[in-house]
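Thanks for coming. Please have the sequence and the coordinates open.

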Amino acid sequence: LLPTAFALERILPAFPALLKKWPKLGVDLVLDDFADVATETGADVAVRLVDGEDVASDEMRELAPVPMALVGAAAYIQTASAPTAPHDLAFHNCLALARPLTETTWRLKGAGGVHEIRVTGSLQVNSLEALLAAVRAGIGLALLPRDVVADDLASGDLVTVLDGYVPASWSLAAVRSAGESPPARVRAILDLLTEAMREPGK
């Protein structure tokens, strides 16, 4: 199980080397931004975006930190005006990456400490790509991985807001089914994922 955006950008290009090393390995790949291992699909490994407060366990391996950005379309900012403090988010349409019918809290770090803001908006979606499309369309603000919005920020189509505050850390983590030592096929996938997400030069 892999989040779609990260699978296409970072992980799928590494699969040829894995299959060359393990020619008898068969991979059933499911692209899903939120599904868990075993409980939902019976998968050996799920890669998920987790926030910094998720507790690591023997079944979880952190693959890479994921810097986040609070962004909106330039057209939205022109209409709604940019927030100047975290509490201003209460007056904005905040789009969330979340499961349906769940509450969303954004944590922003500033000079005064960590601000935990419960946000609401007209759209809650379980897909990074769909959330990015909604932000590009000018529907509202969203927290998105900086890697995912880098081109949009460079072009000026999206802009960051609340630049004096840093969104709390997120990570990309591989979670395997609970149990004893993972079999060789799972260890091979975990090693591939770790290598694929490693920054060049590290």
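The largest nonpolar core has 50 residues, and Leu70, Leu89, Leu144 and Leu193 touch the most other members. By nonpolar core I mean a set of buried Ala, Val, Leu, Ile, Met, Phe, Trp, Tyr and Cys residues joined through side-chain atoms within 4.5 Å. Buried is under 20% relative accessible area, exposed is over 50%, and partly exposed is in between, with a 1.4 Å probe and protein chains only. Helix α6 gives the most to this core, with 8 residues.

Before going on, the ground rules. This is a predicted model, in which local features need pLDDT of at least 70 and side-chain atom pairs count only at pLDDT 80 or more, while totals for chains, interfaces and linings use all residues. Residues are numbered from 1 along each chain as its sequence is written, and side-chain values use heavy atoms, with hydrogens and water left out. Helices (H or I, at least four residues) and strands (E, at least two) are DSSP runs, numbered from the N terminus.

On confidence: pLDDT is the predictor's confidence in each residue, from 0 to 100. The mean for the protein is 80, and 79% of its residues reach 70 or more.

Buried residues of α6 include Val186, Ile189, Leu190, Leu193 and Met197.

What does leucine 89 contact, leaving aside its neighbours within four places in sequence? With contact meaning heavy atoms within 4.5 Å, the list is Leu70, Pro83, Cys94, Trp106, Leu108, Ile117, Val119, Leu141 and Leu162.

Now the sheets. Two strands pair if DSSP finds at least two bridges between them. β4 and β7 run parallel and are joined by 2 bridges, with leucine 97 opposite valine 125 in β7.

β5 and β6 form a hairpin with 2 residues between them and pair over 7 bridges. Tryptophan 106 has isoleucine 117 in β6 as its bridge partner. β5 is joined to β10 by 2 bridges, and lysine 109 stands opposite valine 166 in β10.

Last, two backbone points. Most residues other than glycine have a negative phi. Serine 81 has a positive phi, near 70°; this residue sits in the loop between α3 and β4 and is partly exposed at 43% relative accessibility. Leucine 162 also has a positive phi, about 50°. Leucine 162 lies in the loop between β9 and β10 and is buried, at 7%.
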